[in-house]
Amino acid sequence: MTASSTRRTTATRSRTAAVGAIAVAGALILTGCGDQTNNSGGGSKESASANSAPLFSKLPKKIQDAGVIKVGTNAEYAPMESVEGGKIVGVDPDLADALSKQLGVKFQFTSGSFDGLITAVNSGRYDIAMSSITDNKQRQEGLDDKGKKLGEGVDFVDYFVAGTAIYVKKGNPEGVKGIEDLCGKTAAVQRGTTYEKALQDQSKKCKDAGKKAIDIESFENDTEAQTRVKSGGAVAGINDYPVALDLSRKADGGNAFEVVGEQYDAGPFGIVLNKKNTQLRDALKEAVDAIIKDGSYQKVLEKWGAQSGAIEQSAINGGK
């Protein structure tokens, strides 16, 4: 999600997902019945001496012994992460494969509700979350949008950058040029994303200017938001730039939607970790820098048409 924001500000699903209140609240822990697991491999349980991966020795012993990093995601944000043929595919899973070669362990993705991912990481259900999640101060510190402390914050290892985008029905029948044109109109968005917060902020600006508020329709998943726009029930949808662009290119053969204007409020996507898991955090940061340096990072982005989100160096908690 994008910077608040950009699931997905980034290049994206800038999920830029979610405001502090939802991101850190104790509710909405992912349930097993709704998960889709990408069984990309089990634990090899190799010892540090037997594993020749460059950064294996940097991992916590618990991860070394398990041979796997459990990853929470919300696989509904092509090209970042989606399900094809029962398998989770996209930019994030392919980057995880590249990271796996550096770390010597597998990344096992499980898909569930986006607005429960951070809670699931802090509860220990997952080691990390990797799902186009915008790195911002609210999430780092566990704050709501008014700065009130709601719970534990999280750490981020930044690996991508994206911004917010507006998409509309093909032909742009309402002539939307930017978010300010949505005053008094209906907009669709995924619940718990930074994009939802962007709409709320803009709606307040509309009212302060003497205009009608935006009628914000928030949905459990992005597919429902897209359907609402396609049916004409909402004038526009808000999403990460890479996701909106991919949607405009592929939905109904490119005949369903179009992106209006340029991306804005760009910010970093980060891999989410519990703040206590500093050893894994630092190993992942080294691994991201390693795949940028060896070129495998760029190849993944080119494969999925997401080059606009490339970074030159990873950072820990680089979001504002």
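I will take the aromatic pairs, then the disulfide.

Note that this is a predicted model. Searching the whole structure gives 2 aromatic pairs. In one of them, the ring centres of Phe-160 and Phe-269 are 5.6 Å apart and the planes sit at 25°; the cut-off for stacking is under 30 degrees, so this pair is stacked. Phe-160 belongs to strand β8, residues 154–169, and Phe-269 to strand β12, residues 257–274.

Tyr-167 lies in strand β8 and Phe-257 in strand β12, 90 residues apart. Are these two buried or exposed? Tyr-167 is buried at a relative accessible area of 0%, and Phe-257 is buried at 3%.

Now the sulfurs. How many disulfides does the structure hold? There is 1, and it joins Cys-183 to Cys-206, with an S to S distance of 2.0 Å. The torsion about that S-S bond is about -80°, so the disulfide is left-handed. Cys-183 is in the loop between β8 and β9, while Cys-206 is in helix α6, residues 194–208. They are 23 residues apart.

On accessibility, Cys-206 has a relative accessible area of 1% and is buried. Cys-183 has 18%; buried means under 20%, so Cys-183 also counts as buried.

That is what I have.

Definitions and conventions. Residues are numbered from 1 along each chain as its sequence is written. This is a predicted model: local features need pLDDT of at least 70, side-chain atom pairs count only at pLDDT 80 or more; totals for chains, interfaces and linings use all residues. Side-chain values use heavy atoms; hydrogens and water are left out. Rings of Phe, Tyr and Trp (its six-membered ring) pair if their centres lie within 6.5 Å; planes under 30 degrees apart count as stacked, over 60 as edge-to-face and the rest as tilted. Helices (H or I, at least four residues) and strands (E, at least two) are DSSP runs, numbered from the N terminus. Buried means under 20% relative accessible area, exposed over 50%, partly exposed in between (1.4 Å probe, protein chains only). A disulfide is a pair of cysteine sulfur atoms within 2.5 Å.
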